[in-house]
Amino acid sequence: MSRSPSLPDRPRREIDPDLPDDERLEALRDHLETILEVNDQLTEQLETADTRRQSLREDVDRVERENKTLKDSSLYIATVEDLVENEVVVKQHGNNQEVLTETPPQLADAIEAGDRVAVNDSFGIQTILEGETDARAQAMEIQAKPDVTYADIGGLEDQLREVREAVEQPLLEPEMFERVGIDPPSGVLLYGPPGTGKTMLAKAVANQTDATFIKMAGSELVRKFIGEGSRLVRDLFKLAREREPAIIFIDEIDAIASRRTESKTSGDAEVQRTMMQLLSEMDGFDARGNIRIIAATNRFDMLDSAILRPGRFDRLIEVPEPDYEGRMKILEIHTRGMTVGADVDFDALAEITEGYSGAELESLSTEAGMFAIRDDRTEVVMADFEAAIEKIEDDDTTDVIATAQYHYN
Ligand code: ATP
């Protein structure tokens with residue numbers, strides 16, 4: 001706001017009454033001239049003030065109109081994807097439509113890629129929204145100490161040993177690595193069909209090491225948090241640093257780290273950005289620190305080799321479907337709390353459940369229990385398991401389809 005201009009001095013003139021007439025007249029003329037000059041100056045100042053008042057009134061009208069529009073019309077939520085000179089690329093949530101729009105001058109300094117903004121019908125950016133405060137909580141599952149233990153995992157002895165070496169030992173005995181002078185593996189990648197215990201392995205090692213377990217699903221990042229993937233990855237590592245020791249578990253990593261495809265759709269660009277963020281977080285990572293990273297995928301064939309380079313996911317562990325021994329152990333584990341009849345033959349069950357994943361064996365045990373309940377019994381007998389197998393084989397469960405897809409791919 002400019003200060004109001006200072007007023008000219010008030011003209012004063014003492015005229016000596018004893019002066020001869022002609023001199024008095026002359027003095028009065030001078031005085032009149034001065035008064036006229038001051039009058040001119042004041043008129044000019046008044047005009048300037050009027051113009052300023054007019055311009056302020058226009059400003060007030062404009063702000064009032066904007067305010068009314070903001071209050072009256074609904075705005076759409078969009079995410080700023082890119083900043084190009086005086087323009088921004090925004091992507092509207094919901095329909096994923098991308099548009100190039102002008103950067104509003106008043107927001108030019110504040111706006112950043114990744115910001116959530118409110119846009120009007122013509123995609124003019126109205127305001128920058130606060131980040132979704134609960135986005136972290138929505139996108140991540142955080143457990144101070146998961147309750148899964150090594151004893152809950154059936155089979156997978158080799159995998160467990162490898163995970164313990166690569167994840168548990170660096171957390172519990174970091175000095176060993178220092179003494180030997182090597183860095184532990186940066187990231188561990190578990191791959192194999194769905195429901196075979198990958199998440200369990202990660203949780204169990206977090207339990208054993210008293211580490212916070214932080215899980216983020218790659219598919220969710222891509223599907224639900226359009227435009228926020230890279231920010232959430234940044235948050236994920238930040239959160240892990242706040243909660244050290246921590247185990248970061250990125251499930252379905254293929255969703256953000258698939259091999260680059262030919263198509264150049266915006267979705268790809270977004271996924272690429274999320275992956276680049278993940279890679280840069282991993283590159284700036286202290287391999288001997290108190291944070292370990294485990295990722296899992298059912299689609300190993302899809303992965304971009306960039307994430308498998310040394311210093312990134314450089315320890316690959318295959319988690320296969322359980323073999324006969326594994327199935328026996330998994331069945332035993334999941335029937336631990338049940339009253340199992342003497343006729344239940346685990347050997348035979350393990351034999352006929354070839355191709356079942358751990359998750360399917362778990363639901364088999366639950367289903368068998370359901371059959372017993374339906375029959376008003378507390379003891380689960382072999383016939384219940386047989387009926388459960390029949391039911392499961394009939395059901396087109398998503399797990400079975402997913403497993404079939406895995407084999408197909
Ligand atoms: P996905 O690839 O679908 O994420 P996953 O490999 O991570 O699957 P988990 O989430 O670890 O599979 O397993 C799902 C459930 O199946 C577990 O909660 C557990 O009850 C059971 N399960 C799977 N594998 C085993 C196993 N080896 N031992 C005991 N239970 C198992």
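At what angle do α9 and α11 pack, and how far apart are their axes? The angle is about 45 degrees and the axes lie 9 Å apart; axes here are lines fitted to C-alpha atoms, for helices over the stretch in contact, with angles from 0 to 180 degrees between N-to-C directions. This is a predicted model, where local features need pLDDT of at least 70 and side-chain atom pairs count only at pLDDT 80 or more, while totals for chains, interfaces and linings use all residues. Residues are numbered from 1 along each chain as its sequence is written.

**The chain overall**
- You'll find 13 helices and 13 strands in the protein chain; helices (H or I, at least four residues) and strands (E, at least two) are DSSP runs, numbered from the N terminus.

**The five-stranded sheet**
- Five strands form an open sheet in the order β3-β2-β1-β4-β5, paired antiparallel; two strands pair if DSSP finds at least two bridges between them.
- At the edges sit β3 (98–102) and β5 (125–129), each pairing on one side only.
- On average, neighbouring strands of this sheet are turned by 40 degrees against each other, direction ignored.
- Strands β1 (residues 76–84) and β2 (residues 87–92) run antiparallel and are joined by six bridges, with Val-80 standing opposite Val-90 in β2.

**Helix α9 and its partners**
- Helix α9 (residues 324–334) has several buried residues, among them Met-328, Ile-330 and Leu-331.
- Those buried residues pack against α10 (346–352) and α11 (358–374); contact means C-beta atoms, placed from the backbone, within 7 Å.
- Back to the opening pair: α9 and α11 pack at about 45 degrees. That makes α9 oblique to α11, since angles under 35 degrees count as roughly parallel, over 145 as roughly antiparallel, 65 to 115 as roughly perpendicular and the rest as oblique.
- On the α9 side, the contact is made by Arg-327, Ile-330, Leu-331 and His-334, and on the α11 side by Gly-358, Leu-361, Glu-362 and Ser-365.

**Helix α11 meets α12**
- The axes of α11 and α12 (residues 382–394) come within 8 Å and cross at roughly 120 degrees, which makes α11 oblique to α12 as well.
- Among the α11 residues that meet α12 are Leu-364, Ala-368 and Phe-371, and the α12 residues they meet include Phe-385, Ile-389 and Ile-392.

Notes
A residue is buried if 20 or more other C-beta atoms lie within 10 Å of its own, exposed if 12 or fewer, and partly exposed in between; C-beta atoms are placed from the backbone. Two residues are in contact if their C-beta atoms, placed from the backbone, lie within 7 Å.
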